[in-house]
Structure formats: structure tokens, C-alpha cells
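Here is a short report for a reader new to this structure. Keep the sequence and the 3D view open while reading.

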Amino acid sequence: MKTPILLAILAITGVFAEVNYDVSFSAPGYKISGHVGHTATGLEIPLSFNGRKNKGRDLYGKTIDELVVSVDYEAEDRLRVSIADKANKQIPVPDSGLGLRRSHVTSAAKHTNYDFRYTNRPFGFQVIRKSDKEILFDTTDFPLVYEDQYLELSTAVPDDTNLYGIGETTAPFRRFNEHNSTTIWARDIATPFYENIYGAHPYYTEIREGKSHGALLLNAHGMDVIFSKGRITYKVIGGILEYYFFVPKDGRPNSVTRAYTDFVGKPFMPALWMLGWHHCRYGFKDIEHVNEVVTRYKESNIPLETIWVDIDYMDRRKDFTFDPIKFPEESMKALSDRMHANNQRMITMVDPALSTNDTYEPYQRGKEMDVFLKNNDGSDFVGQVWPGYTVFPDWWHPNATEFWEKEIIDWMHRLNLDGLWVDMNEPASFCIGSCGSGKQNTVPVLYWTLPPEEQEKVIAKWHEELDATGNSVPGDSRNLLHPNYAINNGAGNLSDRTASTTTLHYGNIPHYDLHNLYGNAELELTKNALLKDRPNERPFILSRSMFVGSGSKVGHWTGDNHSTWAKLKSSISEILNMQMFGISYAGADVCGFNDNTTEQLCSRWSELGAFYPFARNHNNDASSDQEPYLWKSTTEASIKALGIRYALLPYYYTLFEESSTVGTGVWRPLIFEYPEIDAYAANDEQVLVGSDILLSPVVYENATTVDAQIPPGIWYDYYTNKPLEGPAEVTLDAPLTHIPVHVRGGAIVPRKTNKYLVSETYATPYNLLVALDNRSEAKGRLYIDDLHSVEQPKTSNIHFEYRHGLLKATGTFNYDEAEHLGSITILGAKKLSTAIYNGKKFPVKNKHGGVAVVEGLDIPLDGKFKIKFH
């Protein structure tokens, strides 16, 4: 959504701590002290500090002398290595939906794809792939540092390895691995390059010589992850070192993602309507403005499935309220009724921060239930967000579920909404500390509206007041406000622009230990509320802040991007990262959120955005209008690209089903499909939708061609059906309203006839696009269900195969209400004359370039069938 200017805060705090890329080689590490025990799941190794007297102790915190290493052979392709303090005082990621539910295996996997080895003194370990003896993770040449507020562990990697992941940040997909630091600390900021932003994903995939593996550090504390030549170094300011390694037998990147999502949870399965085109605007002037946009989309024949309303609708920016003048309740209800009458959808924004105005009922109810974050003295922590002074629900409080369920369910009913959009949930706060304590019912200024010198004074005063409350909490000796190791947080101090790290959650747990989990915890309660209200309806939630495993519950947009060519290009790598993190339903604000777009940029972005897994145009109140119908070229580009997306909805839906069961991404980088071709390692300007559709968008201003890499095999131009033979590097024509799209030879792609709405599109017969490979063969799959329910008693999973002129459909056919198969188009075919189905002959039309089409089939998809082509 929206991010205020940070210049004043940055001037006061100095923005970043200087990145310390060094390894703490002065640290003596740890040694095995005692018996290495065998457990039902692996090994248990006792460690003690390896130093003499005080040498190498307390580098940034208090050294913890006794540790326990738990090695668990959890699955054939998954190894857990946890290094925890013996006293269990460090705070791990909670084993619940508020953090991440663990697997809890009871016995070791009998056969594994990896070996685990360790050294005694100093202690170090290696994870080795059995098939080729490749050492995947190796700490043996680096010290282990384990202090209450500083953990450090390094692994050796080849100098030229390909590393992907560690986020959330805006950066190229292949990470620079010679001198690069990524900070993880959830933060409200408008997506600057190379800085920490909204989510926390301490996970990477590595590809070496065509083989891949993955590593997750399951830790929710702030950290710097350093990619330096020959090593990766983790520097973490709390918690434990709980590592998971993913080593699939075939060593393929998509298999690594499958193994990762086996552990963190498969991406959620969206309802079909969620795959349509969405539109939003922060800055809708009034309800008439929203209605006008819906009307003009229809008049321009640009598909629109869902309209979104940002915080504009609220009474003074308060959740669950209506602006009585600009967005009165009856008019908002009328908009919802209008959308649903036309088989369209409606979504509104909900932020976690709640106004402290004493007439605001949600605040009063929460106050009575005592569900808000606390200060050291037991009073409510009061920050500042859009409604003014605000409190923040503590999702760990026993009463939080009951409180939030009522607010969410009542709101959903009030407008008959189709889903919710959760923003500002890092959590964001515009001030520093509990700036609103004792100021109930007053309206604060937004500091960035003050003159620069006044901003500096206000921010300095906030810092002074926060420091005066103490740098820790009762019973805790840690310096929570200013730990000795300062991660490279782009906001400056850890408490800047968010809840103070000394703020208390239920059980007196400091926010310092749970900050990166706040958004994920809110999503857990919100998802459960929606399911309680509509138990068999797939819930729609889009969130800004995410954590490991959040993709199993909700979708994500990449936040407050900018209307620039650089951000258009980077949207590809950002979405590819989300796919790797197990967040398949992801997208970026099409045409950009901040700044003013241009016709050319918006046209190019609309072409690419039409293929995002989550596709939405959205911008802010300070930017010029950017509805696609405002420009002729953008209208044409949108209709053309969305026409392809809607025609491909059966393919997209099948891919999402694969993602929700197997775990692979809907969008995929070329290197994940072709890891043996190192030339694709840094390609983040093209993308594969599944394995069969190749997108080659224009991402540079004034370009009318694309220099594209064509993978091995035949690839057919989606528009002209003309084949290209790969591997090859080619220049593709791409006039302003055109995005090059190619279909892989060897694929059978299920399609529909595109219409204005998703439901209208899906009411048309299926058609198959059979793209033959060099052997004149092709395969494909189609998944069918009722398109919206959580539980699916009847589904169809149909496998198509074309070989030697015979098309066969096999699989399961339990969903008996599917539309029939109406036509088949074959690319790369020799001249055909007849198609025979159940003894009936159908004429085949042959078109230029080896294209054969048979129409009028009307084949029910309720059982196996064969079609013979002559």
C-alpha cells in the first residue's frame, strides 16, 4: 500500500549499520563434550565452549557455554540440524500456525540422499550428497559463535556457484555471490533495491554444475546473510540455529522446491475467480469513482474480475468503518451487490493497527479482552498508523482469536466480501516507540508533512523517549533496543518504523523475538476466521508481510513498487523468488504503485502483468491515473494479453493444482527447468509459466525487440504457430502492444475460449493445443474440480498423450459436470485429413505451417477416449 517519506528518520539514524562481511575467526568455537547419542531420528551431540578462560567470549552478546546439536534424518531428501542452547532459554520459531508447524517424525528415514559428518574439536559439520559425494554445506573451516544475541555460522561454497533466494529483498534473481549482504527484518518501505523489505525468508536454492539443493535457517530473528566469495555467513541476533537441508535424488531445482514445500507447506489452492484480472487504487475519490472504473473497464472490453477498495473507504482510516460522505455504507453495499450480480468480486483492505479513539468499538472490545501489545509497565503500546494513534493486536494472546474472528466475520458479512487484503502487517508504525501513550482521542500530525528541521526534532524526541524506557524488559538482561551486533536494517534502529523491540507479547515475550512472525501470525488468525465463517470456501487473503510457510495460507504482492522500467524488470525476479519460497499466488502492482507511469511503460507492464500468477493494476493517491483503458495502446495490449491468459485458464488452474500438491512454482526461471544449461543461470528477463509457456517480455524503454534465449527443442509462436528450434539465442519482434509467447513442442495445453469474465470463459468447451516435438509426440494434463471448494469429493485428473497420430485421454474422471472437449489444434503436424472418434469421422482443416484443426467434437470428459488422426 503506502509508505511515507523516510528522509528524516534516515538522517537521524544514519540508515545502515556498516556491513561487517568478516568471519569471526578469533572465536574458538565449540567442542564435543560427552557422549554422542543415537536417537530414534538420528543423533544428539553435546557441545561446550572451546575457549580458554575468557578468550573469544562475548563478541556481541553473552556466550552460551553448553549447546545440544540434534541431527534428524527426517526424510529421504530432508535433514534437520538444530544447534540449541542446553538450557532452552533462546526463543525458536513457535511450533504452531503462528510460526511454523514442524513435521515431528518419530523414526529416521531408512534411505537418504545425503550423509552427515562432523568434527570433534572444534565442532563443525558437513552435509554431503551421496550420489556424487558433493559437499553441500560445510562449516568445518569456520567458527561457530553462539551468544544470546549473536549467532554466527558459515559454510563453504564454490566461488562460481549459483545462489538464489534469501529475502525478502528487491534484487536480481541470481544473487551476487562475491560481496553481498541480505538483511532479514520485516520493514515497511517502498521496495528499494538490495534492502530488507516486508517478509522474512532465510532460504536459498543453490545450483552447482546442473545439480541443486536447498537450505533453510528456520529462525525468526533479525539477521544478515552474507554471500561472499567462497562462503555463506549467517549473522543472527537471537534464537537458535535450526537448519533444514533439502537434497532430492534427481538434484533438480524444481525437486528442491517440492522438498522445501513438503516441509513448510504446499502453496494454497486458489479458487478459479482469483486467477482473473484485479483492479485497485489507493486514492479513489469516492464511491462514484470506483463505479466509474468498473463501468469503463466493461465499455473498453478489458476483462475485470475483481474490484478492490483501499483505505479510502474508511472513516478516518479506521478498519471496519465507512466514510459517511464519500463511501457511505449503503453505497459500498450497492457496489458489492453490483459486482456479484455481474458474477464479479469485491475485496477491501484491513490493517492490523486499530485506532485508540474511545468511540471506536473494535478498540473498546479489544481493550476489554486485553488483546493488545504491551509496554514494560503493562500499558498498551500505542504507535501511529493511518487512523492516528493505534494499538496492535497481539496474535499470541489467548483472547486474540475470539476478538479477531468477530471483527473479521462481521466485516465480511456486512459487505458480502469475497476476500481480504492485509497490509501494514510488519507491523508498520509511523512513529518510534509508544508515541501515543496518554494521548487518546488526539489526532497526530504525519511527521513527514512537517518542515525538515521539525521532523528531525520530532524523531530525536521519539528516540530519546524510547531510550528512557530502558533497553530491555523485566527479567531479561539483553539489550533489545540496541544490540551490540547491528544488522544492516535499512530503517536504522530495529524499533524504527515498527513496534519497539521492547514491546511485550503474551507471556512477556519481547517483540524483538517475534517481530518477523507478526504478519504470519495475523494471517493464521485471519485465515481461520474466514474458514470458520465459510468452512468449505477457499479463503482469499493477500498479505504484504510473510514468513516461511505463509504461502500455504495466503497470497502475496511485492509491495509498494515504482512506475519505472527497473521495477518492471525486477518484478520478474521478485515473483520467481516467491515461487521458490512456496508462495505461488504472487504478483506485483501492474504499471507501478509509486510515481507516474507512462503509456509505453503501462502497456509493457500490462502485457507482462497479464501473466502474473496474481494479476492486479494498483497505484497510489499521489500518482496520475493509470487504468489501462486510458490509453489506446494499453487497452489493446491488455485485451490481447488478457485474452491469452483467460484462454489459458485451464492450464493455469492445473498448474496451481500441481503447485498445491507437488509444490512446484507456477512461474519458473529457465534455470530451474534446464539446470544443466549454465547460460540460463542469470536470466531473469524471461519466464516459464509451468514448463510449457515461455514469456519473453519487453522490459527496457523504447525497445521493440527482445533478445531471447530459446530452450532446447521446438518452441511455437503462440500467435503465428511458427516454430523455433532451440537451444538458440534469437531476436524477437515485439511492437508496443505485443508480448512474445511461445509454446513448448511436446506439450498439450488445455484451453478455453476467452470471454470477459472467468465464469463466462469457463462455460465454453475445452480445446486442446497439441504442440508436437521433433518425434511428433506431445503430453499434457488437465485438472478439473468445482473451482472453489476446500473439500473436493469429485475431481478429474486427465492425462493426454499424442503419439503416432493417436490422441489418448487417460486418468481419473470423477468430476461429471465438466464442459465437453470441442476442438483440437495440432502444431507441427503433417497434412491430416480425418479424425476418428468412437467410429465417427471428423474433417481436419490444414492451415499454413503444419497446423491442423478439428472442430465440432463435443466429447464428454467423463471417461477415457481415443482419437485417431489420418
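## A buried arginine and its partner

Arg208 counts as buried because its relative accessibility is 9%. Buried means under 20% relative accessible area, exposed means over 50%, and partly exposed lies in between (1.4 Å probe, protein chains only). This is a predicted model, in which local features need pLDDT of at least 70, side-chain atom pairs count only at pLDDT 80 or more, and totals for chains, interfaces and linings use all residues. Residues are numbered from 1 along each chain as its sequence is written, and side-chain values use heavy atoms, with hydrogens and water left out.

Which residue does the side chain of Arg208 meet in a salt bridge? The partner is Glu134, at 2.9 Å from N to O. A salt bridge here is a side-chain nitrogen of Lys or Arg within 4 Å of a carboxyl oxygen of Asp or Glu. The pair links distant parts of the chain, 74 residues apart. Arg208 is in strand S13, while Glu134 is in the loop between strand S7 (124-129) and strand S8 (135-138). Helices (H or I, at least four residues) and strands (E, at least two) are DSSP runs, numbered from the N terminus. Glu134 is partly exposed because its relative accessible area is 28%.

Glu209 lies in the loop between strand S13 (196-208) and strand S14 (211-217). Is Glu209 buried or exposed? Glu209 counts as exposed, because its relative accessibility is 84%. The C-alpha atoms of Glu209 and Asp678 are separated by 7.6 Å. Along the chain, these two residues are 469 residues apart.

How many salt bridges does a search of the whole structure find? The search finds 53. One of them joins Asp380 to Lys374, with the closest N and O atoms 2.6 Å apart. Both Asp380 and Lys374 are buried.

Another joins Asp589 to Arg616, with the closest N and O atoms 2.9 Å apart. This pair links distant parts of the chain, 27 residues apart. Asp589 is in strand S30 (residues 589-590), and Arg616 is in strand S31 (residues 615-617). Both Asp589 and Arg616 are buried. Salt bridges also form a network that links Asp188, Asp423, Glu426, Arg497, Arg544 and Asp560.

## Cysteines

A search of the whole structure finds 2 disulfides. A disulfide is a pair of cysteine sulfur atoms within 2.5 Å. Cys431 is joined to Cys435, with 2.0 Å from S to S. Their link is left-handed, with -75° about the S-S bond. Cys431 is buried, with a relative accessible area of 0%, and Cys435 is buried at 4%.

Cys591 is joined to Cys602, with 2.1 Å from S to S. This link is right-handed, with 80° about the S-S bond. The pair links distant parts of the chain, 11 residues apart. Cys591 is in the loop between S30 and helix H10 (599-609), and Cys602 is in helix H10. Cys591 counts as buried at 0% relative accessibility. Cys602 is buried too, with a relative accessible area of 0%. Numbered in sequence order, the bonded cysteines of the protein chain pair as 1-2, 3-4. Cys280 is in no disulfide. The nearest cysteine sulfur, that of Cys591, is 13 Å away. Cys280 is buried, with a relative accessible area of 0%.

## Ser796 and its surroundings

Ser796 is found in strand S41 (residues 796-803). Ser796 counts as buried because its relative accessibility is 0%. The side chain of Ser796 reaches the backbone nitrogen of Tyr815 at 3.0 Å. A polar atom of that side chain lies 3.3 Å from the backbone nitrogen of Asn814.

Which residues does Ser796 touch, not counting those up to four places away in sequence? They are Leu782, Tyr783, Ile784, Thr812, Phe813, Asn814, Tyr815 and Leu861. Contact means heavy atoms within 4.5 Å.

## An open sheet

An open sheet of 6 strands runs in the order S32-S33-S34-S37-S35-S36, with antiparallel pairing. Two strands pair if DSSP finds at least two bridges between them. The edge strands are S32 (667-668) and S36 (723-733), and each pairs on one side only. Strand S35 (residues 705-717) pairs with S36 in the antiparallel sense over 10 bridges. Ile710 stands opposite Ala728 in S36.

Notes:
A polar contact is a pair of N or O atoms within 3.5 Å; within protein, one must be able to donate a hydrogen and the other to accept it, and residues adjacent in sequence count only if both atoms are side-chain atoms.
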